[in-house]
Amino acid sequence: MGHNDGTSLAFNELRKESQDLYNRIHSIAEDAAFVDQVYRSYSRLPLIPNMRCGAWYTDPDTASNERTYFKSTDGHTGNWSFNLRRPNIHVLPLICAHAGLLLVDSTRAGKRIPDALSKTVPIWCAVINRAVLKTTSNMNVEADAWNTKLYTPPGVVSAQEHDQIEQKLDGWADDLAASFYVLPKLQYPLRPIWITPSTTVFPKFLDTDAERRFYPIICISASKQVLDGMERRITGFAYIQGSGDDHELWSMGLTPAQFWKHKQTLLRANRNELPTLVQALTSSLNTHSTSTDLNYNASFHPIPIQHVHGRLSICTTHDISFPLGDESVVVYLTSADDAPPVLKDHPRVLYIQTPQGKKGQHHFLHTVLPQVMPFIFLHLQNTRRICIACETGTDTSIGVAIAVLTKFFDDSGAFCAKDDIKTRLHWIITSCPQANPSRTTLKRVNEFLLSPPEFLLPRQKSLAPSAVPNPSPNES
(Lines give C-alpha, C1' and ligand atoms only; values in the text may rest on other atoms or scores of the structure.)
Protein backbone atom coordinates (compact mmCIF):
# COMPACT_ATOMS: atom_id res chain seq x y z
CA MET A 1 0.00 0.00 0.00
CA GLY A 2 1.41 3.40 -1.02
CA HIS A 3 1.88 6.33 1.34
CA ASN A 4 -1.01 8.22 -0.27
CA ASP A 5 -3.33 5.22 0.12
CA GLY A 6 -2.51 5.06 3.83
CA THR A 7 -3.13 8.79 4.26
CA SER A 8 -6.42 8.51 2.41
CA LEU A 9 -7.57 5.59 4.59
CA ALA A 10 -6.63 7.49 7.76
CA PHE A 11 -8.49 10.57 6.53
CA ASN A 12 -11.60 8.51 5.69
CA GLU A 13 -11.47 6.88 9.12
CA LEU A 14 -11.23 10.30 10.80
CA ARG A 15 -14.15 11.62 8.77
CA LYS A 16 -16.21 8.52 9.63
CA GLU A 17 -15.51 9.07 13.34
CA SER A 18 -16.28 12.78 13.01
CA GLN A 19 -19.73 12.07 11.57
CA ASP A 20 -20.47 9.17 13.92
CA LEU A 21 -23.84 9.65 15.64
CA TYR A 22 -22.65 8.16 18.96
CA ASN A 23 -19.61 10.47 19.12
CA ARG A 24 -21.70 13.52 18.26
CA ILE A 25 -24.47 12.87 20.79
CA HIS A 26 -22.00 12.29 23.65
CA SER A 27 -19.89 15.31 22.64
CA ILE A 28 -22.97 17.52 22.66
CA ALA A 29 -23.92 16.22 26.11
CA GLU A 30 -20.43 17.09 27.43
CA ASP A 31 -20.66 20.62 25.99
CA ALA A 32 -24.23 21.07 27.27
CA ALA A 33 -23.02 20.22 30.79
CA PHE A 34 -20.49 23.07 30.51
CA VAL A 35 -23.21 25.47 29.30
CA ASP A 36 -25.35 24.46 32.28
CA GLN A 37 -22.42 25.14 34.63
CA VAL A 38 -22.10 28.67 33.21
CA TYR A 39 -25.88 29.19 33.42
CA ARG A 40 -25.89 28.22 37.12
CA SER A 41 -23.27 30.92 37.75
CA TYR A 42 -25.51 33.56 36.13
CA SER A 43 -28.97 32.10 36.67
CA ARG A 44 -30.69 35.51 36.79
CA LEU A 45 -29.78 36.06 33.12
CA PRO A 46 -31.85 34.58 30.28
CA LEU A 47 -30.10 31.78 28.35
CA ILE A 48 -30.57 32.01 24.58
CA PRO A 49 -29.26 29.69 21.86
CA ASN A 50 -27.82 31.29 18.74
CA MET A 51 -29.36 29.52 15.77
CA ARG A 52 -28.79 27.09 14.36
CA CYS A 53 -26.44 24.96 16.40
CA GLY A 54 -26.84 26.72 19.78
CA ALA A 55 -30.11 24.86 20.39
CA TRP A 56 -28.24 21.53 20.76
CA TYR A 57 -26.44 22.86 23.87
CA THR A 58 -29.28 24.60 25.72
CA ASP A 59 -31.76 22.69 27.86
CA PRO A 60 -35.29 23.90 26.93
CA ASP A 61 -36.21 23.69 30.63
CA THR A 62 -33.73 26.45 31.48
CA ALA A 63 -33.39 28.33 28.16
CA SER A 64 -35.56 31.24 27.07
CA ASN A 65 -38.07 30.68 24.27
CA GLU A 66 -36.32 33.42 22.31
CA ARG A 67 -33.64 32.70 19.69
CA THR A 68 -30.93 34.86 18.18
CA TYR A 69 -29.75 34.83 14.57
CA PHE A 70 -26.14 36.04 14.61
CA LYS A 71 -24.39 34.57 11.58
CA SER A 72 -20.67 33.84 11.45
CA THR A 73 -20.59 35.06 7.83
CA ASP A 74 -21.38 38.60 9.08
CA GLY A 75 -18.12 38.40 11.05
CA HIS A 76 -15.90 36.77 8.42
CA THR A 77 -12.75 38.76 7.68
CA GLY A 78 -13.43 41.40 5.02
CA ASN A 79 -17.15 40.56 5.04
CA TRP A 80 -18.07 42.29 8.33
CA SER A 81 -21.65 43.51 8.49
CA PHE A 82 -24.49 44.71 10.67
CA ASN A 83 -27.17 42.97 8.67
CA LEU A 84 -30.58 44.69 8.76
CA ARG A 85 -32.13 41.37 7.75
CA ARG A 86 -30.86 39.91 11.05
CA PRO A 87 -31.01 42.88 13.48
CA ASN A 88 -31.89 40.75 16.57
CA ILE A 89 -33.75 43.76 18.00
CA HIS A 90 -36.28 41.36 19.53
CA VAL A 91 -33.90 40.41 22.40
CA LEU A 92 -33.23 43.98 23.54
CA PRO A 93 -36.33 44.16 25.84
CA LEU A 94 -35.18 40.88 27.44
CA ILE A 95 -31.70 42.33 28.01
CA CYS A 96 -33.20 45.46 29.62
CA ALA A 97 -35.53 43.42 31.84
CA HIS A 98 -32.78 41.09 33.15
CA ALA A 99 -29.75 43.42 32.88
CA GLY A 100 -27.86 41.11 30.53
CA LEU A 101 -27.95 37.93 28.46
CA LEU A 102 -26.28 34.53 28.05
CA LEU A 103 -25.74 33.60 24.39
CA VAL A 104 -24.73 30.07 23.32
CA ASP A 105 -22.97 28.91 20.16
CA SER A 106 -20.05 26.65 19.21
CA THR A 107 -17.42 26.21 16.54
CA ARG A 108 -15.62 23.38 14.85
CA ALA A 109 -11.90 22.57 14.84
CA GLY A 110 -9.38 25.36 14.43
CA LYS A 111 -11.07 28.05 16.52
CA ARG A 112 -11.75 28.68 20.19
CA ILE A 113 -14.72 31.01 19.57
CA PRO A 114 -17.01 31.10 16.51
CA ASP A 115 -16.94 34.26 14.37
CA ALA A 116 -20.60 34.83 15.32
CA LEU A 117 -19.52 35.39 18.95
CA SER A 118 -16.05 36.90 18.43
CA LYS A 119 -17.03 39.46 15.75
CA THR A 120 -20.72 39.49 14.75
CA VAL A 121 -21.98 39.98 18.33
CA PRO A 122 -19.34 42.65 19.17
CA ILE A 123 -20.34 44.51 15.98
CA TRP A 124 -23.99 44.22 17.03
CA CYS A 125 -23.31 45.58 20.55
CA ALA A 126 -21.30 48.56 19.28
CA VAL A 127 -23.79 49.41 16.50
CA ILE A 128 -26.79 49.17 18.87
CA ASN A 129 -24.97 51.40 21.40
CA ARG A 130 -24.22 54.03 18.74
CA ALA A 131 -27.69 53.88 17.16
CA VAL A 132 -29.36 54.29 20.58
CA LEU A 133 -27.28 57.43 21.11
CA LYS A 134 -28.47 58.75 17.72
CA THR A 135 -32.17 57.91 18.17
CA THR A 136 -32.90 58.38 21.89
CA SER A 137 -33.58 61.88 23.12
CA ASN A 138 -33.26 62.85 26.80
CA MET A 139 -30.81 60.11 27.71
CA ASN A 140 -29.86 60.06 31.37
CA VAL A 141 -26.14 59.99 30.64
CA GLU A 142 -23.74 62.32 28.91
CA ALA A 143 -22.90 61.23 25.37
CA ASP A 144 -19.22 61.07 26.36
CA ALA A 145 -20.04 58.67 29.20
CA TRP A 146 -22.04 56.30 26.96
CA ASN A 147 -19.54 53.61 25.95
CA THR A 148 -19.69 53.00 22.18
CA LYS A 149 -16.32 51.22 21.89
CA LEU A 150 -15.89 47.99 19.97
CA TYR A 151 -14.84 45.10 22.22
CA THR A 152 -13.41 41.94 20.66
CA PRO A 153 -11.81 38.92 22.39
CA PRO A 154 -8.03 39.38 22.85
CA GLY A 155 -5.91 36.82 21.01
CA VAL A 156 -8.81 35.94 18.70
CA VAL A 157 -9.31 39.13 16.67
CA SER A 158 -6.16 40.94 15.52
CA ALA A 159 -5.63 44.63 16.26
CA GLN A 160 -5.66 45.36 12.53
CA GLU A 161 -9.01 43.61 11.98
CA HIS A 162 -10.44 45.29 15.08
CA ASP A 163 -9.51 48.73 13.68
CA GLN A 164 -10.96 47.90 10.23
CA ILE A 165 -14.28 46.90 11.81
CA GLU A 166 -14.34 49.98 14.04
CA GLN A 167 -14.13 52.28 11.02
CA LYS A 168 -17.42 50.89 9.69
CA LEU A 169 -19.49 51.11 12.90
CA ASP A 170 -20.87 54.64 12.45
CA GLY A 171 -22.12 53.89 8.94
CA TRP A 172 -23.96 50.79 10.16
CA ALA A 173 -25.38 52.75 13.12
CA ASP A 174 -26.68 55.43 10.72
CA ASP A 175 -28.37 52.72 8.61
CA LEU A 176 -30.02 51.20 11.70
CA ALA A 177 -31.12 54.61 13.02
CA ALA A 178 -32.69 55.42 9.62
CA SER A 179 -34.50 52.04 9.32
CA PHE A 180 -38.04 51.07 10.35
CA TYR A 181 -36.77 49.28 13.48
CA VAL A 182 -37.59 50.92 16.81
CA LEU A 183 -34.86 50.65 19.43
CA PRO A 184 -35.88 50.55 23.09
CA LYS A 185 -34.34 53.09 25.44
CA LEU A 186 -31.35 51.32 27.01
CA GLN A 187 -30.35 52.35 30.51
CA TYR A 188 -26.81 51.04 29.92
CA PRO A 189 -24.75 50.19 26.83
CA LEU A 190 -24.22 46.56 25.76
CA ARG A 191 -20.84 44.92 26.22
CA PRO A 192 -19.77 41.44 25.05
CA ILE A 193 -17.92 39.11 27.44
CA TRP A 194 -16.58 35.67 26.40
CA ILE A 195 -16.56 32.38 28.30
CA THR A 196 -15.13 29.13 26.89
CA PRO A 197 -14.33 25.73 28.46
CA SER A 198 -10.75 27.02 28.97
CA THR A 199 -11.97 29.99 31.08
CA THR A 200 -10.56 29.44 34.57
CA VAL A 201 -12.56 32.08 36.49
CA PHE A 202 -16.00 33.29 35.46
CA PRO A 203 -16.16 37.11 35.60
CA LYS A 204 -18.31 38.81 38.22
CA PHE A 205 -20.52 41.85 37.49
CA LEU A 206 -21.78 44.69 39.64
CA ASP A 207 -25.46 43.96 40.23
CA THR A 208 -26.96 47.17 41.57
CA ASP A 209 -28.14 50.02 39.34
CA ALA A 210 -25.86 52.40 41.22
CA GLU A 211 -22.78 50.31 40.38
CA ARG A 212 -23.68 48.92 36.97
CA ARG A 213 -21.89 50.39 33.94
CA PHE A 214 -23.11 48.10 31.13
CA TYR A 215 -25.37 45.16 30.25
CA PRO A 216 -23.13 42.06 29.89
CA ILE A 217 -23.78 40.00 26.75
CA ILE A 218 -22.05 36.80 27.86
CA CYS A 219 -21.01 34.81 24.78
CA ILE A 220 -20.61 31.13 25.70
CA SER A 221 -18.53 29.14 23.23
CA ALA A 222 -19.75 25.68 24.23
CA SER A 223 -17.09 23.40 22.74
CA LYS A 224 -13.60 22.70 24.00
CA GLN A 225 -10.87 23.49 21.46
CA VAL A 226 -9.00 20.22 20.76
CA LEU A 227 -6.19 19.27 18.38
CA ASP A 228 -7.58 18.33 14.94
CA GLY A 229 -11.09 18.82 16.37
CA MET A 230 -11.16 15.35 17.98
CA GLU A 231 -10.08 13.89 21.33
CA ARG A 232 -10.54 10.36 22.70
CA ARG A 233 -12.46 9.92 25.95
CA ILE A 234 -11.88 7.02 28.35
CA THR A 235 -15.67 6.57 28.49
CA GLY A 236 -15.60 5.10 24.97
CA PHE A 237 -16.31 7.91 22.52
CA ALA A 238 -14.32 10.40 20.48
CA TYR A 239 -15.06 14.00 21.51
CA ILE A 240 -15.87 16.08 18.39
CA GLN A 241 -15.46 19.85 18.73
CA GLY A 242 -18.56 21.77 17.56
CA SER A 243 -20.70 18.65 17.24
CA GLY A 244 -23.95 20.62 16.88
CA ASP A 245 -22.71 22.10 13.60
CA ASP A 246 -23.89 20.75 10.23
CA HIS A 247 -26.35 18.33 11.82
CA GLU A 248 -27.64 17.30 8.36
CA LEU A 249 -24.41 15.27 7.99
CA TRP A 250 -24.83 13.13 11.08
CA SER A 251 -28.17 13.54 12.92
CA MET A 252 -30.32 11.10 10.84
CA GLY A 253 -33.16 13.60 11.18
CA LEU A 254 -32.83 14.03 14.96
CA THR A 255 -33.59 17.60 16.08
CA PRO A 256 -32.35 19.49 19.17
CA ALA A 257 -35.88 19.34 20.65
CA GLN A 258 -35.95 15.53 20.27
CA PHE A 259 -32.42 15.23 21.66
CA TRP A 260 -33.42 17.06 24.84
CA LYS A 261 -36.74 15.25 25.19
CA HIS A 262 -35.07 11.81 24.94
CA LYS A 263 -31.60 12.76 26.16
CA GLN A 264 -31.15 10.08 28.84
CA THR A 265 -32.46 7.28 26.59
CA LEU A 266 -30.13 8.37 23.78
CA LEU A 267 -27.10 8.58 26.07
CA ARG A 268 -27.80 5.14 27.62
CA ALA A 269 -27.97 3.43 24.21
CA ASN A 270 -24.80 1.69 23.05
CA ARG A 271 -23.11 2.55 19.77
CA ASN A 272 -24.88 -0.18 17.79
CA GLU A 273 -28.35 0.51 19.22
CA LEU A 274 -28.26 4.27 18.72
CA PRO A 275 -28.99 4.57 14.96
CA THR A 276 -32.02 2.27 15.30
CA LEU A 277 -33.28 4.25 18.29
CA VAL A 278 -32.91 7.59 16.46
CA GLN A 279 -34.62 6.15 13.39
CA ALA A 280 -37.56 5.05 15.55
CA LEU A 281 -37.80 8.47 17.22
CA THR A 282 -37.66 10.46 13.99
CA SER A 283 -40.03 8.19 12.05
CA SER A 284 -42.63 8.29 14.83
CA LEU A 285 -42.43 12.10 14.82
CA ASN A 286 -42.76 12.25 11.02
CA THR A 287 -45.71 9.87 11.08
CA HIS A 288 -47.38 12.00 13.72
CA SER A 289 -46.93 15.29 11.89
CA THR A 290 -47.46 14.52 8.20
CA SER A 291 -49.82 16.81 6.37
CA THR A 292 -52.32 13.95 6.09
CA ASP A 293 -52.67 14.05 9.87
CA LEU A 294 -54.16 17.53 10.37
CA ASN A 295 -54.63 17.89 14.08
CA TYR A 296 -58.13 19.14 14.77
CA ASN A 297 -57.36 19.84 18.41
CA ALA A 298 -53.97 21.55 18.04
CA SER A 299 -53.76 25.25 18.62
CA PHE A 300 -53.05 27.37 15.57
CA HIS A 301 -50.00 29.58 16.19
CA PRO A 302 -49.44 32.04 13.36
CA ILE A 303 -47.11 34.97 14.04
CA PRO A 304 -49.04 38.18 13.27
CA ILE A 305 -47.28 41.09 11.56
CA GLN A 306 -47.90 43.81 14.14
CA HIS A 307 -47.42 46.78 11.80
CA VAL A 308 -50.52 45.78 9.81
CA HIS A 309 -52.48 44.98 12.99
CA GLY A 310 -52.27 41.22 12.48
CA ARG A 311 -54.16 41.19 9.18
CA LEU A 312 -51.29 39.12 7.80
CA SER A 313 -49.45 36.38 9.68
CA ILE A 314 -46.78 33.74 9.04
CA CYS A 315 -46.50 30.12 10.12
CA THR A 316 -45.24 26.71 9.03
CA THR A 317 -47.53 24.23 7.28
CA HIS A 318 -47.29 21.99 10.39
CA ASP A 319 -48.87 24.78 12.46
CA ILE A 320 -52.11 24.74 10.46
CA SER A 321 -55.07 23.13 12.20
CA PHE A 322 -58.72 22.68 11.23
CA PRO A 323 -61.45 23.74 11.39
CA LEU A 324 -60.41 27.30 10.52
CA GLY A 325 -61.95 30.23 12.36
CA ASP A 326 -64.68 32.14 10.53
CA GLU A 327 -62.33 35.01 9.65
CA SER A 328 -59.25 32.90 8.83
CA VAL A 329 -57.83 32.47 5.35
CA VAL A 330 -54.77 30.32 4.59
CA VAL A 331 -52.24 30.34 1.77
CA TYR A 332 -50.65 26.88 2.00
CA LEU A 333 -47.36 26.41 0.11
CA THR A 334 -45.74 22.97 0.20
CA SER A 335 -43.51 20.68 -1.84
CA ALA A 336 -45.39 17.64 -0.47
CA ASP A 337 -48.12 16.02 -2.56
CA ASP A 338 -50.03 14.22 0.20
CA ALA A 339 -52.34 17.02 1.36
CA PRO A 340 -55.84 15.78 2.32
CA PRO A 341 -59.00 16.88 0.47
CA VAL A 342 -60.14 18.97 3.48
CA LEU A 343 -57.23 21.28 2.76
CA LYS A 344 -57.28 21.26 -1.05
CA ASP A 345 -61.04 21.82 -1.29
CA HIS A 346 -61.52 24.39 1.46
CA PRO A 347 -62.97 27.64 0.05
CA ARG A 348 -60.70 29.79 2.24
CA VAL A 349 -57.47 27.85 1.59
CA LEU A 350 -55.30 28.46 -1.44
CA TYR A 351 -53.22 25.29 -1.74
CA ILE A 352 -50.20 25.41 -4.06
CA GLN A 353 -47.71 22.59 -4.48
CA THR A 354 -44.27 24.08 -5.12
CA PRO A 355 -41.27 22.26 -6.63
CA GLN A 356 -37.91 22.57 -4.87
CA GLY A 357 -34.62 24.02 -6.11
CA LYS A 358 -34.13 26.21 -9.18
CA LYS A 359 -37.40 25.01 -10.71
CA GLY A 360 -39.16 26.15 -7.53
CA GLN A 361 -37.89 29.72 -7.94
CA HIS A 362 -39.29 29.93 -11.48
CA HIS A 363 -42.57 28.48 -10.17
CA PHE A 364 -42.58 31.03 -7.30
CA LEU A 365 -42.31 33.94 -9.75
CA HIS A 366 -44.61 32.70 -12.52
CA THR A 367 -47.20 30.65 -10.61
CA VAL A 368 -47.19 31.24 -6.85
CA LEU A 369 -47.18 35.06 -6.80
CA PRO A 370 -49.66 35.51 -9.71
CA GLN A 371 -52.12 33.12 -8.01
CA VAL A 372 -51.61 34.31 -4.44
CA MET A 373 -51.90 38.07 -4.99
CA PRO A 374 -55.50 38.23 -6.31
CA PHE A 375 -56.62 35.58 -3.77
CA ILE A 376 -55.22 37.63 -0.86
CA PHE A 377 -56.43 40.93 -2.33
CA LEU A 378 -59.99 39.58 -2.44
CA HIS A 379 -59.92 38.46 1.20
CA LEU A 380 -58.26 41.68 2.41
CA GLN A 381 -61.15 43.57 0.77
CA ASN A 382 -63.50 41.35 2.79
CA THR A 383 -61.56 42.30 5.97
CA ARG A 384 -60.40 38.75 6.64
CA ARG A 385 -57.12 37.82 8.31
CA ILE A 386 -54.69 35.84 6.18
CA CYS A 387 -52.06 33.33 7.27
CA ILE A 388 -49.28 32.46 4.81
CA ALA A 389 -47.71 29.07 5.50
CA CYS A 390 -44.73 27.28 3.98
CA GLU A 391 -42.76 24.29 5.23
CA THR A 392 -40.16 26.33 7.15
CA GLY A 393 -42.15 29.53 7.80
CA THR A 394 -38.97 31.48 7.01
CA ASP A 395 -38.51 31.71 3.23
CA THR A 396 -41.30 31.25 0.65
CA SER A 397 -44.04 32.48 2.98
CA ILE A 398 -41.89 35.53 3.82
CA GLY A 399 -41.44 36.26 0.09
CA VAL A 400 -45.21 36.18 -0.44
CA ALA A 401 -45.77 38.38 2.64
CA ILE A 402 -43.27 40.98 1.38
CA ALA A 403 -45.06 41.15 -1.99
CA VAL A 404 -48.47 41.52 -0.31
CA LEU A 405 -47.29 44.15 2.19
CA THR A 406 -45.53 46.11 -0.55
CA LYS A 407 -48.46 46.00 -2.97
CA PHE A 408 -51.46 46.37 -0.67
CA PHE A 409 -50.38 48.36 2.44
CA ASP A 410 -49.18 51.94 2.89
CA ASP A 411 -46.37 53.07 5.22
CA SER A 412 -48.73 53.36 8.20
CA GLY A 413 -49.80 49.72 7.73
CA ALA A 414 -53.24 50.56 6.28
CA PHE A 415 -54.69 48.49 3.42
CA CYS A 416 -53.77 50.38 0.22
CA ALA A 417 -50.93 50.17 -2.37
CA LYS A 418 -47.27 51.10 -2.08
CA ASP A 419 -43.81 49.94 -3.18
CA ASP A 420 -40.96 49.60 -0.68
CA ILE A 421 -39.74 46.02 -0.39
CA LYS A 422 -36.94 46.65 2.15
CA THR A 423 -39.17 48.37 4.72
CA ARG A 424 -41.82 45.62 4.38
CA LEU A 425 -39.21 42.99 5.17
CA HIS A 426 -38.26 44.99 8.28
CA TRP A 427 -41.95 44.98 9.33
CA ILE A 428 -41.96 41.18 9.10
CA ILE A 429 -38.65 40.71 10.94
CA THR A 430 -39.85 42.94 13.79
CA SER A 431 -42.72 40.48 14.44
CA CYS A 432 -41.06 37.32 13.11
CA PRO A 433 -37.28 37.47 13.82
CA GLN A 434 -36.67 34.02 12.31
CA ALA A 435 -37.76 35.28 8.88
CA ASN A 436 -34.84 34.55 6.56
CA PRO A 437 -35.87 34.72 2.89
CA SER A 438 -33.10 33.72 0.49
CA ARG A 439 -31.61 36.34 -1.82
CA THR A 440 -33.24 34.48 -4.72
CA THR A 441 -36.69 34.76 -3.12
CA LEU A 442 -36.21 38.51 -2.58
CA LYS A 443 -34.98 38.90 -6.16
CA ARG A 444 -38.09 37.12 -7.50
CA VAL A 445 -40.38 39.29 -5.33
CA ASN A 446 -38.68 42.42 -6.64
CA GLU A 447 -38.96 41.13 -10.21
CA PHE A 448 -42.64 40.43 -9.68
CA LEU A 449 -43.35 43.85 -8.21
CA LEU A 450 -41.58 45.62 -11.06
CA SER A 451 -43.52 43.67 -13.69
CA PRO A 452 -46.52 45.15 -15.56
CA PRO A 453 -49.97 44.96 -13.87
CA GLU A 454 -51.23 42.03 -15.96
CA PHE A 455 -48.48 39.93 -14.38
CA LEU A 456 -50.63 39.80 -11.23
CA LEU A 457 -53.18 37.57 -12.95
CA PRO A 458 -52.66 33.80 -12.63
CA ARG A 459 -51.13 32.10 -15.62
CA GLN A 460 -52.55 28.73 -14.64
CA LYS A 461 -56.16 27.96 -13.99
CA SER A 462 -56.42 27.26 -10.28
CA LEU A 463 -58.99 29.72 -8.92
CA ALA A 464 -62.65 29.95 -9.72
CA PRO A 465 -63.25 32.98 -11.96
CA SER A 466 -65.12 34.72 -9.14
CA ALA A 467 -62.04 34.48 -6.91
CA VAL A 468 -59.88 36.56 -9.25
CA PRO A 469 -60.58 40.28 -8.94
CA ASN A 470 -59.78 42.63 -11.78
CA PRO A 471 -57.38 45.08 -10.17
CA SER A 472 -57.77 48.66 -11.32
CA PRO A 473 -54.53 50.44 -12.29
CA ASN A 474 -54.14 52.13 -8.90
CA GLU A 475 -54.56 48.78 -7.08
CA SER A 476 -51.78 47.20 -9.06
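At what angle do helix H12 and helix H14 pack? Let's find out in the viewer. This is a predicted model, in which local features need pLDDT of at least 70 and side-chain atom pairs count only at pLDDT 80 or more, while totals for chains, interfaces and linings use all residues. Residues are numbered from 1 along each chain as its sequence is written, and side-chain values use heavy atoms, leaving out hydrogens and water.

**Stop one: two helices.** Select residues 396-408 (H12) and 439-449 (H14): they pack at an angle of about 30°, and their axes lie 9 Å apart. Helices here are DSSP runs (H or I, at least four residues), and strands are E runs of at least two, numbered from the N terminus. Axes are lines fitted to C-alpha atoms, for helices over the stretch in contact, with angles from 0 to 180 degrees between N-to-C directions. That angle makes H12 roughly parallel to H14 (under 35 degrees).

Now show the side chains of Gly399, Ile402, Ala403, Thr406 and Lys407 in H12, and of Thr441, Leu442, Val445 and Leu449 in H14, which make the contact (heavy atoms within 4.5 Å).

**Stop two: the sheet.** Next, look for an open sheet of 5 strands, ordered E7-E8-E11-E9-E10, with mixed pairing. Two strands pair if DSSP finds at least two bridges between them. At the edges, E7 (303-304) and E10 (349-353) each pair on one side only. Select E9 (328-334) and E11 (385-390), which run parallel and are joined by 5 bridges. There, Val331 stands opposite Ile388 in E11.

Technical notes. Angles under 35 degrees count as roughly parallel, over 145 as roughly antiparallel, 65 to 115 as roughly perpendicular and the rest as oblique.
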